[in-house]
Each structure stands twice: as C-alpha cells, then as structure tokens.
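Subject: Structure handover and findings

Hello,

Please find the structure below, with notes on what was found in it.

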Amino acid sequence: MSNMIFDQEGLRRQIGRLLLSIQAERSIDLLAAQMVVEQVKELAKTLKGSELLPRTVLYELHAAIKILRAEIPHIKHGRDDVVRTVDEIELAFDLILRGECHESRVPGVPRIV
C-alpha cells in the first residue's frame, strides 16, 4: 500500500467542499462534484486489484454517499445533479470493493468472472 500514489487529502477536501455546498446552500457545487467524481474514478484505478484498501478513504466515501442521499430531498437547485453525482461515487465505491475500476466494465460486452 505504500506505493499507492493518490492525494487522499485532496479527495477529502473536495468531498468536504461538495458536502458544504449541499448542506449550507442547498444546491450543488458542480465543479466540486466533478472533481470528486474524477478523483474517485482515479482512486478506483489506483486501487484496482489491491488486496489491502485504505479504510479511512473507504469510510470517507461511504459517509459521503450516505450524507448525499439523505440531503437529496432538501436540495433546492440541482437535485438531478446530486443524484447523478452520488450514483457515480457509489459505483466507484462498489468497483473499489470488487477490485475493479471503470475501465473494467465495458458496455455491451459480457463480463467473464
């Protein structure tokens, strides 16, 4: 795990920025959402095939997913964007747990397990 090159603190800051916009302003910061999704996809790629996963990062993602889902009914502007963002984060989270990344899933091609 020591050779993992990923900015965990940067991801944590972006998640905080995203959650702050949603909880304080009741709308989504689209730039923060895009940054979080890109960083989570990069994390999935970095962790692909790893037997050991950083528990703190997984907890951050899991907590963010739960908070975002809980806030959806209270969003004034951009509710669909929040749903789309949380769905993308959750997909990446699930892929990380499976040891896969987004490139592992090709639409229209059957998976061989």
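Does Ala33 count as buried or exposed, and at what relative accessibility? Ala33 counts as buried because its relative accessibility is 3%. Please keep in mind throughout that this is a predicted model.

Overall layout

The protein has four helices and zero strands. Along the sequence the pattern reads α-α-α-α. Of its 113 residues, 36% count as buried. Among contacts with a separation of 6 or more, 67% are between residues 24 or more positions apart.

Helices α2 and α4

Ala33 belongs to helix α2. Helix α2 covers residues 30–47 and helix α4 covers residues 79–98; their axes come within 9 Å and cross at roughly 10°. That crossing angle makes α2 roughly parallel to α4, because angles under 35 degrees count as roughly parallel.

The α2 side of this contact consists of Leu30, Ala33, Val36, Val37, Val40, Lys41, Leu43, Ala44 and Leu47. By type, the residues of the contact of α2 with α4 comprise 11 nonpolar, one polar and three charged.

For Ala33 itself, leaving out residues up to four places away in sequence, the residues touched are Leu18, Ile28 and Thr85.

Helix α4 on its own

How far apart are the end C-alpha atoms of α4, and what span should its 20 residues give? At 1.5 Å a residue, α4 should span 28 Å, and its end C-alpha atoms are 29 Å apart, so the two values agree. The buried residues of α4 are Val82, Thr85, Val86, Ile89, Ala92, Phe93, Leu95 and Ile96. Their cover includes α1, α2 and α3.

Gly99 sits in the segment after α4. Just after the helix, Gly99 takes a positive phi of about 80°. Not counting residues up to four places away in sequence, Gly99 touches Lys48 and Gly49. The C-alpha atoms of Gly99 and Leu47 are separated by 6.9 Å, although the two residues are 52 residues apart along the chain.

The nonpolar core

The largest nonpolar core has 30 residues, and Leu11, Leu18, Leu43, Leu61, Leu68 and Ile89 touch the most other members. The elements that give two or more residues to this core are α1 (8–25), α2, α3 (55–71) and α4. Which of them gives the most to this core? That is α2, with eight residues.

Leu68 illustrates the packing. Leaving aside neighbours within four places in sequence, Leu68 is in contact with Leu18, Leu19, Ile22, Val82, Val86 and Ile89.

The loop between α1 and α2

Ile28 is found in the loop between α1 and α2. Ile28 counts as buried because its relative accessibility is 13%, under the 20% cut-off. Apart from residues up to four places away in sequence, Ile28 touches Leu18, Ser21, Ile22, Ala33, His77, Gly78, Asp81, Val82 and Thr85. Ile28 and Leu18 are 10 residues apart along the chain, and their C-alpha atoms are separated by 6.9 Å.

Arg26 lies in the loop between α1 and α2 as well. Its relative accessibility is 25%, so Arg26 counts as partly exposed. Phi of Arg26 is near 60°, a positive value in a residue other than glycine. Most residues other than glycine have a negative phi.

The segment before α1

Asp7 is found in the segment before α1. At 43% relative accessibility, Asp7 counts as partly exposed. Asp7 and Gln39 are 32 residues apart in sequence, and their C-alpha atoms are 8.6 Å apart in space.

Regards

How values were computed
Residues numbered from 1 in each chain as written. Predicted model: local features only at pLDDT ≥ 70, side-chain atom pairs only at ≥ 80, totals over all residues. Heavy atoms only, no water. Axes fitted to C-alpha atoms, helices over the stretch in contact; angles between N-to-C directions. Parallel < 35°, antiparallel > 145°, perpendicular 65-115°, else oblique. Contact = heavy atoms within 4.5 Å. Nonpolar A, V, L, I, M, F, W, Y, C, P; charged D, E, K, R; others polar. Core = buried A, V, L, I, M, F, W, Y, C linked by side-chain atoms within 4.5 Å. Buried < 20%, exposed > 50% of the residue type's maximum accessible area, 1.4 Å probe, protein only. Expected span 1.5 Å × (residues − 1).
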